[in-house]
Structure formats: C-alpha cells, structure tokens
2 protein chains.
Amino acid sequence: MMTKVGIRDVAKAAGVSVTTVSHALNPAGGTRVKTETREHIRAVAKDLGYAPNRLASGLRNQRSQILGLVSDEITTTPFAGAMIRGAQDAAYERGYVLMVVNSGLDPELENREIRMLQQHQVDGIVYARMYHQGVTLPEELGTLPTVLLDAATADRSISSVVPDEVAAAETAVEALVRAGHTRIGMLNNVDDIPATHGRLQGYQNALGRHGLQFNPELVTAGVADTPAGRESALELLQRPARPTALFCFSDRVAMGAYQAAAALGLRIPEDLSIVGTDNLELIAAALWPGLTTVALPHYEMGRWAVTRLLDDIEGPEAAAVQEMLSCPLIERGSVGPPPD
Amino acid sequence: MMTKVGIRDVAKAAGVSVTTVSHALNPAGGTRVKTETREHIRAVAKDLGYAPNRLASGLRNQRSQILGLVSDEITTTPFAGAMIRGAQDAAYERGYVLMVVNSGLDPELENREIRMLQQHQVDGIVYARMYHQGVTLPEELGTLPTVLLDAATADRSISSVVPDEVAAAETAVEALVRAGHTRIGMLNNVDDIPATHGRLQGYQNALGRHGLQFNPELVTAGVADTPAGRESALELLQRPARPTALFCFSDRVAMGAYQAAAALGLRIPEDLSIVGTDNLELIAAALWPGLTTVALPHYEMGRWAVTRLLDDIEGPEAAAVQEMLSCPLIERGSVGPPPD
DNA sequence: TGACACTGCCAAAACGTTTTAGGTAGTGTG
DNA sequence: CACACTACCTAAAACGTTTTGGCAGTGTCA
C-alpha cells in the first residue's frame, strides 16, 4: 500500500478504461459490461485493495453519503449513547456514516455547526434532543431533509419520533394495578414538557380504566432528580392512608423514593411497590431490589430517525409522519402485592 | 437560496475570476490580491451566503477536515458522552468535524467501519475504548495518523491518553488519611486491566507514604458492579476490626457499599467513610449522602486526543507520547472522621 | 446489399475547489 | 528606448469519480 490506489490504477491493471471499471463496480452500470469482464475487473480491484474515494464520488453525484446528527447536551445524559448507536447502526446498514455535533445550549454555536455540516454536503440531518421536548427548527436547516429525534415541532410539518408518553404511564400503572394496588401515587415532574403532561394523562387513563378514583392528593410535582424525589416521596408516604405504590417520573426520582422508603422503614416491595421510567441500567439494575421500570426506547428512536431520513433522501417525496414508539415494561424486583 | 452558490457565482457577482476569489478568501492567498478587492470579494461572498464545498476542497487538497472516532460499546457506559463531547469540542475549534462509528465487540465490523472512514478520506482517527485498557491496533489503520483514547498499545509506538490510575487512587486514599482514618479497605476489581493494578498500587503507595501497614485482609476483588460491591462490602465490614473507610473501584461499587452499610446499620459518613472512582454524576450525586469520588477525566481525555491528533496531522513529525491525565477529587458528603 | 439494432467498450465532460504558471499594465533604470 | 521589476490579476490543470454520448463490430432482416 505504497500509495492510494485509484480507479485509474484498476483500469490500467485490468487493461480497460476507467469508464468500464466504474460501470463494472457500480450496479448503475447495468448491463453495459460483459459479465466476464465485470468479474475480471472486480477481481483486480479486490486484489489491489481498491476503495472508491467518497469525496470524489460525492462531488460528482452531489451526494455525500453523510448524515449529520445535531444534539443538545450529549454529555449530561446517558441516553445519548443509545440514541447515537441506534442512529449509527441504521446508517451503517445503508452505507452512510454519521457526523455528530453537539452545541450545548448555545443557539449561535448550533447554527455555526449546522453550517459546517452543510459545507460537508451532508445529505440530511437528524435533529436530536436528549429528552422529549418541543423545538423550533433553526433557520439554517433550509430545505435539507431533516427528521426530529426525541423532539417535535408545533406545526408537525416535519417527521419526528418520540416515546409514547401516555402509553408508557399506562403500562407502568397497569403493572401496579395488576399486582393489586388501589392507592397508587405518582411522583411527577414540574417542567412544562410533553413527558410531564403525557404521563399524568396516562396515569389517569389507567386508573379510570380500572375504576379507580383519581386523587390529586396522591400526585406531587417536583424537580426530576433524586433529592427532590426523596422529598416528594417522604411527604406522600407520611400522609394518612399512604399510597401502597408509586409511579415515578424517572428512575432518578425512583431512587429518591427508595431512599425515602428506607428512611421510613418501609421495605420494597413488601411495604411499598415502585415503578420508574427510563430504564437507566446504571440505576435501575443497581438499586436493591432491582427497579421495575418502563424503558424509553432510545436505541429504537435513533434507528427510526435515520431510517426515515434515508427513506426521505433516497425515496420519493412523502408526507411527514409523527411517530410514537412504545415503552416496554422491564420487570425487576420492585413490584409486589400491597401489604395485608 | 434557490440553488447552491458556488465560487463562480461569487466571482461573477464580484466581477473577478474564481482564482481571485479563492485567493481573497483563503489566507494562503497571501498578498496576491489588493486589500481593497479582497474586502469587496469578502463582502460579496457574505452577501450571497457563500460557503465553500468541502468535498471539492477536500478532493483538491487531499485533506477532508474530517476525523474518525471509532469506539467500542458506546451504549453501555455513560462515559462515552463526555469523551465524544471533549473530542468534538476540540475538533470544532480547529475547523474539523467528527465521524463517529462504534462497532461493539465485533472486530470484523470494526474493520469494515474503519475502511468506510478511509473511503471518506478522514485525516486521522481517534481510537477509543470506553474504559482504560490495552489494545492492539487493527491492521486496517495502516499509516493513518491515529491516537488512542483511554487505551494504549503494548509497544507505546503511538500516542495515547489515559487516566493516571495510580495517582487517582493515591488522591482517594489520601483524602481518607487526611480525615484521620487508619484502617482503610479497598473494594477492587478482578479484571486484569490497568485500572485494577494501578489503583491497587496507588492505594499501597498512599498507605506507605503515611506509615500505614498494607493489609491484604482489607482488600477484596470482585466484579465491578453494584451487587458485587454490596457483597464485598458486607464481607469486609463484618470482619473483626472492620475498616472505618472504603476506597471503591468505581461509583457503582460504592453504591453497593452504601447498600451494605445500610443493611448493617452503619451511617455514612459517621460510622463509615467511602470514596468512589468515576464521578458518575448520575450515581455520585444521587446517593445519600453524596458520594465523594475521584473523577475520571473523560472530557479532558477526549480533548487531548484530538488536539494531539491534529498536531500530528498539521504539524511536523513528532515522537509518540503516552499521556496520563490526573483525576481530581470531587468532594461530596461521604467522608468524615472515623468513629470515636 | 444496405438499413438497423444490439453489444461491449471508451473519450471526455462535469462536479467545485486550489494552485501553478503566467499575463498585463504601470513604474522606474540604465 | 529597451529592460527589469512590481503589483495585481487570470487561464487552465488537477484532485478521483460518474455518466453521457458516442463508436466500432456483429448480426438480423428486408
């Protein structure tokens, strides 16, 4: 491998023109070369270790085979990994590669990064958020094919994929109902985001569906972290006629509930059942007993987003679709029948 | 923005040749254009929203301004985010962009992905692992500039950056010594990786430096997860003359130690002090009390790796360097003076 | 025999830059 | 007045592909 081998080298070695080599190697060549020559050329190419220069073919084809992935804070959440991996897997399978940029919270930086991606002639962009939220698209994107990952715009004009928050909550609450609970609390978030509203809705739906009364006294709203979860849980669990089960906005909140239970001498799941949301392995599997939780499908959303994006890029014009992916229940050890 | 504006459009609009435009816009143009014309051209370019096509300039310059980042399981660890972000930030600052691929554990897939990166003419590769380990470089890399991130090869022939495991352990143990502890246990890993050996070494160094006897009875080796940490801690804490402080291989292990302490009725930090390793926000900040821990510098390592890679690419030949980055102590609430 | 279609290959243009090697005035110099 | 020099600009080649529009040669059919 002294120097890069190009298509001319293959042509020379095979004794044909570069045109023929191109036709032989690309399916677009159709039937323009004799099968015999084609095979000969293929063999020579493999022999020389020829690999096409994608800068050149991208330039010629006006198609780089690169996708941009722009996200906000990649660093603060462990979800990023799963999303990126899902996206990358789907891209790889179709011969594309991912350029990732992350801009933190600075919209000016984000714009510059998007421009940079455009200079590299990305064929499309996955615009991702690390938690489900409404967004407005940056102007820079222009007419570039784009799909939203874990986010949606108000006008639904562009394809997006998010978790089915309502169904997720229903799944969680139903697991508790099935175990026999009738006084089920919810430790909700305060932020004005889709997850907050959707999950509350799902909680109410599930209760209603099973003839249980919705009692506002049984739901709290706090910051979605562990200390706040602990406080909320402590408060809820000390009310008269305490709930025997808790549906938590996130696994971090659930971890706070564990701490509250420990502080109050309540055993899990004998005295108190808990269901979380996220399936953050790091926490859910580490808690003792393991946390039963409903998983946010980050990997699947990543896959969906680029699959859809590539369909848009390669296929014909299609109407935007707003996809909601379902959130499976991951059972560990934090749900049991209610006490006595 | 009806159609992409190219350098010809700028030339036409400015009434000069494309050559002059190129010279005016690139610093390499030197003094070849009158300042006045240069400014005029710049203005016109900005006006038209001109942005150079990097496929074209990459093709011409034999330099794509793209760096490849290949990693193993991006998904299973929350460290990936910080590393990628560090790498991406450093790349962005120098006008480069990152292509990330991750191959899981399949070396065949990894090779194919590296070949794909090479087709895109990446200027260099950051070869990353998600935890510090020895690696052997894939053949495919050939002579491409490469630097290792959180990994090193046996022959030290290639630049790499890893955490200073020994110093990290010293820092952790010294914090405990400073608080007055003399019976300090260690919950170590079993895997045969640099972290395991380095941290044990650091633990011994710190003890020795302060005239404390190294006692093998006080160190365990187990899988580095929470349940195993719990078991190890339970065992260690029930021995006669139990340690009053524990240095844990990871924050997940430390979480197990918390659980063991709770099970034994030991309060943290009154009865037992704990120091972890990793500074996994998600766990360290969520534990109650917060976990004092020594941080692995993932972000900084990511930055270092691409900075070094770019120096190699842009600068003159330089000897490989093996960098070790230090691990600062992050104090929360799990360290106090020993009981009575 | 000539018109025509097919088969299998190739020359050359094009993609959008950068850079080399001049070219053209204008200004001194001998 | 020829000459060199400077200051500013430009034509054209090159980077490595893909694709259009051929062009020979070989049959086929009237």
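This is a predicted model: local features need pLDDT of at least 70, side-chain atom pairs count only at pLDDT 80 or more; totals for chains, interfaces and linings use all residues.
In which sense do strand 6 and strand 7 of chain A pair, and over how many bridges? Strand 6 (residues 184-189) of chain A and strand 7 of chain A pair in the parallel sense, with four bridges between them.

**How the two chains relate**

- Chain B can be superposed on chain A by a rotation of 180 degrees, with 0.0 Å of shift along the axis and an RMSD of 0.0 Å.
- The two copies are thus related as by a two-fold rotation axis.
- Both copies use the same surface, since 100% of the contact residues of chain B recur in chain A.

**Where the chains touch**

- On chain B, 44 residues are in contact with 44 residues of chain A.
- Several elements of chain B give two or more residues to this side, among them helix 4 (54-61), strand 2 (97-102), helix 6 (107-119) and helix 9 (226-237).
- Helix 5 of chain B gives the most, with seven residues.
- By class, the side of chain B that touches chain A has 24 nonpolar, 14 polar and six charged residues.

- Twelve strands form an open sheet with mixed pairing, in the order 11(A)-5(A)-4(A)-3(A)-1(A)-2(A)-2(B)-1(B)-3(B)-4(B)-5(B)-11(B).
- The edge strands are strand 11 (322-325) of chain A and strand 11 (322-325) of chain B, each of which pairs on one side only.
- From one strand to the next, the twist averages 25 degrees.
- Where the chains join, strand 2 (residues 97-102) of chain A and strand 2 of chain B run antiparallel and are linked by three bridges.
- As an example of this link, A:Val100 has B:Leu98 as its bridge partner in strand 2 of chain B.
- Within chain B, strand 1 (residues 66-71) pairs with strand 2 in the parallel sense over six bridges.
- There, B:Leu69 has B:Val100 of strand 2 as its bridge partner.
- Helix 6 (residues 107-119) of chain A lies across strand 1 (66-71), strand 2 and strand 3 (124-134) of chain A together with strand 2 of chain B, and runs at about 175 degrees to strand 1 of chain A.

**The sheet within chain A**

- Six strands of chain A form an open sheet in the order 7-6-8-9-10-12, again with mixed pairing.
- Strand 7 (219-222) and strand 12 (329-330) of chain A stand at the edges with a single partner strand each, so one side of each has no neighbour in the sheet.
- Returning to the opening pair, A:Leu187 has A:Thr220 as its bridge partner in strand 7 of chain A.
- Helix 7 (residues 165-178) of chain A packs on this sheet, touching strand 6, strand 8 (245-248), strand 9 (273-278), strand 10 (292-295) and strand 12 of chain A.
- The direction of helix 7 of chain A makes about 165 degrees with that of strand 9 of chain A.
- Helix 9 (residues 226-237) of chain A also packs on the sheet, touching strand 6, strand 7 and strand 8 of chain A, and its direction makes about 155 degrees with that of strand 7 of chain A.

**Helix pairs in chain B**

- The axes of helix 7 (residues 165-178) and helix 8 (residues 194-209) of chain B come within 7 Å and cross at roughly 40 degrees.
- Helix 7 of chain B and helix 8 of chain B are therefore oblique to each other, and their crossing is right-handed.
- Residues making this contact include B:Val166 and B:Val173 of helix 7 of chain B, and B:Gly198 and B:Tyr203 of helix 8 of chain B.
- This contact of helix 7 with helix 8 of chain B has eleven nonpolar, four polar and four charged residues.
- Helix 2 (residues 18-25) and helix 3 (residues 35-48) of chain B pack at an angle of about 95 degrees, with their axes 9 Å apart.
- Helix 2 of chain B and helix 3 of chain B are therefore roughly perpendicular to each other.
- Among the residues in this contact are B:Val21 and B:Leu25 of helix 2 of chain B, and B:Ile41 and B:Ala45 of helix 3 of chain B.

**Backbone details**

- A cis peptide bond joins A:Ile268 and A:Pro269, with omega about 5 degrees.
- A:Pro269 sits in the loop between helix 10 (251-264) and strand 9 of chain A.
- In chain B, a cis peptide bond joins B:Ile268 and B:Pro269, where omega is about 5 degrees.
- B:Asp150 belongs to strand 4 (residues 146-153) of chain B, and its phi is near 65 degrees, a positive value in a residue other than glycine.

Definitions and conventions
Residues are numbered from 1 along each chain as its sequence is written. Chains are lettered from A and ligands numbered from 1 in the order in which they are written. Two residues are in contact if their C-beta atoms, placed from the backbone, lie within 7 Å. Ala, Val, Leu, Ile, Met, Phe, Trp, Tyr, Cys and Pro count as nonpolar, Asp, Glu, Lys and Arg as charged, and the others, Gly among them, as polar. Two strands pair if DSSP finds at least two bridges between them. Copies are superposed by least squares on the C-alpha atoms of residues with pLDDT of at least 70 in both. Axes are lines fitted to C-alpha atoms, for helices over the stretch in contact, and angles run from 0 to 180 degrees between N-to-C directions. Angles under 35 degrees count as roughly parallel, over 145 as roughly antiparallel, 65 to 115 as roughly perpendicular and the rest as oblique. A crossing is left-handed if the near helix is turned anticlockwise from the far one by less than a right angle, and right-handed if clockwise.
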